[in-house]
Amino acid sequence: MQFTGDEWLEFAIKLQTATFRGRLRWTGSDQLFDPDSTRGFSTTVAGNATYRLRTKDGDEQFPYILTVCEPDGTVLADFVTVPYGDDWEQPVEAQASRVIAELYPYVERSVTGAPQKARSLLEGLDGLIADPPL
Amino acid sequence: MHVDGITWLDWVMAAFTLVGFGATGFGLYQAWSQARKATTAAEAAKDAVAATRARLLAVEIVHEFGAVRQAVSHVINATETNNPEVAKFALVELSEAMRRGGALAREDGAPLISTEIISQLETTSKLASVAKADIARRTNPKVRTYTGELLEPLTDLSHSLLDFVTAQKYALDKE
């Protein structure tokens, strides 16, 4: 199955929005030496689809591959990110690649629980520097 | 010989008892000796396994370091010819070989490798991946812009690895 560049851009934007709003929970690991055979982070929209995001070379760096699967895991289509520039005046594949390149580190951080950890540590520091009540 | 109350039969029984003690003692000695031999054999087998494992590990490390050196030369060539496709491929190759080499070098029984080289392998592996990502992200990138800073440390590392590989090959040949 093939999706168009416009469709991939929509997938990327909607996945990014849902993830940033905390509506999607990503799990898994993208480590090359992980004994788990299915490398990459995945998330499921119940009864609709499963999305898998991983690096092409298993090194946590660009390029990335976004895979859309049926809920049972059957692969529908893959999108490998392409080079992109800084402006939005570029092909839709490049725009989609840019969105995915922003999404990947966010997903990676959320899977490791880094944002929550940072928040709790910062709250600890806030407690130290807060002015004592009068 | 006859002592009051002790018959010849008692003397015979006493003699058998003594022989019995002797036989038991000999049996115990034999058992101890066998156990000792078994322990020594088990230890020898364990040592042999450890030595073989260390040799295999050394061979693997030599192979991996060879792959690192080859990838370094590919990265240098790709930089000189400004070929982004070859550069990306070589940087992935380099990063993977460095990661594998570093992991093997940290294993128990691995030949002594300076911690400086191991940490250089691990750090440079990440830098190589970042350089590859920088090249892959751009259309018509100039390879040297992203690999330029890596070339000198890579060349130094390659020389250190060559010294290690040469020494290991000599040691393995001697064995």
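Two strands count as paired here if DSSP finds at least two bridges between them, and strands (E, at least two residues) and helices (H or I, at least four) are DSSP runs numbered from the N terminus. The model is a predicted one, with local features needing pLDDT of at least 70 and side-chain atom pairs counted only at pLDDT 80 or more, while totals for chains, interfaces and linings use all residues. Residues are numbered from 1 along each chain as its sequence is written, and chains are lettered from A and ligands numbered from 1 in the order in which they are written.

Chain A holds an open, antiparallel sheet of five strands, in the order E1-E2-E3-E4-E5. Its edges are E1 (27–29) and E5, each of which pairs on one side only. Direction ignored, neighbouring strands are turned by 15 degrees against each other on average; axes here are lines fitted to C-alpha atoms, for helices over the stretch in contact, and angles run from 0 to 180 degrees between N-to-C directions.

Leu66(A) in E4(A) is the bridge partner of Leu53(A), and Thr67(A) sits opposite Arg52(A). Toward E5(A), residues 75–80, there are five bridges, again antiparallel, and here Leu66(A) partners Phe79(A). E4(A) and E5(A) make a hairpin with five residues between them, and Gly73(A) in the turn has a positive phi of about 105 degrees. Across E1, E2 (40–45), E3, E4 and E5 of chain A lies H2(A), running at about 85 degrees to E4(A).

Leu66(A) turns up again in the largest nonpolar core, which has 48 residues; Leu66(A) is among those that touch the most other members, as are Ala12(A), Ile100(A) and Val75(B). Such a core is a set of buried Ala, Val, Leu, Ile, Met, Phe, Trp, Tyr and Cys residues joined through C-beta atoms within 7 Å, where buried means that 20 or more other C-beta atoms lie within 10 Å of the residue's own, with C-beta atoms placed from the backbone. Helix H2(B) gives the largest share of this core, nine residues.

Contacts are counted when C-beta atoms, placed from the backbone, lie within 7 Å. Leaving out residues up to four places away in sequence, Val75(B) touches Ala87(B), Ala90(B), Leu91(B), Leu94(B), Thr147(B) and Leu154(B). Where the chains meet, seven residues come from chain A and 10 residues from chain B.

Key
A residue is buried if 20 or more other C-beta atoms lie within 10 Å of its own, exposed if 12 or fewer, and partly exposed in between; C-beta atoms are placed from the backbone. Two residues are in contact if their C-beta atoms, placed from the backbone, lie within 7 Å.
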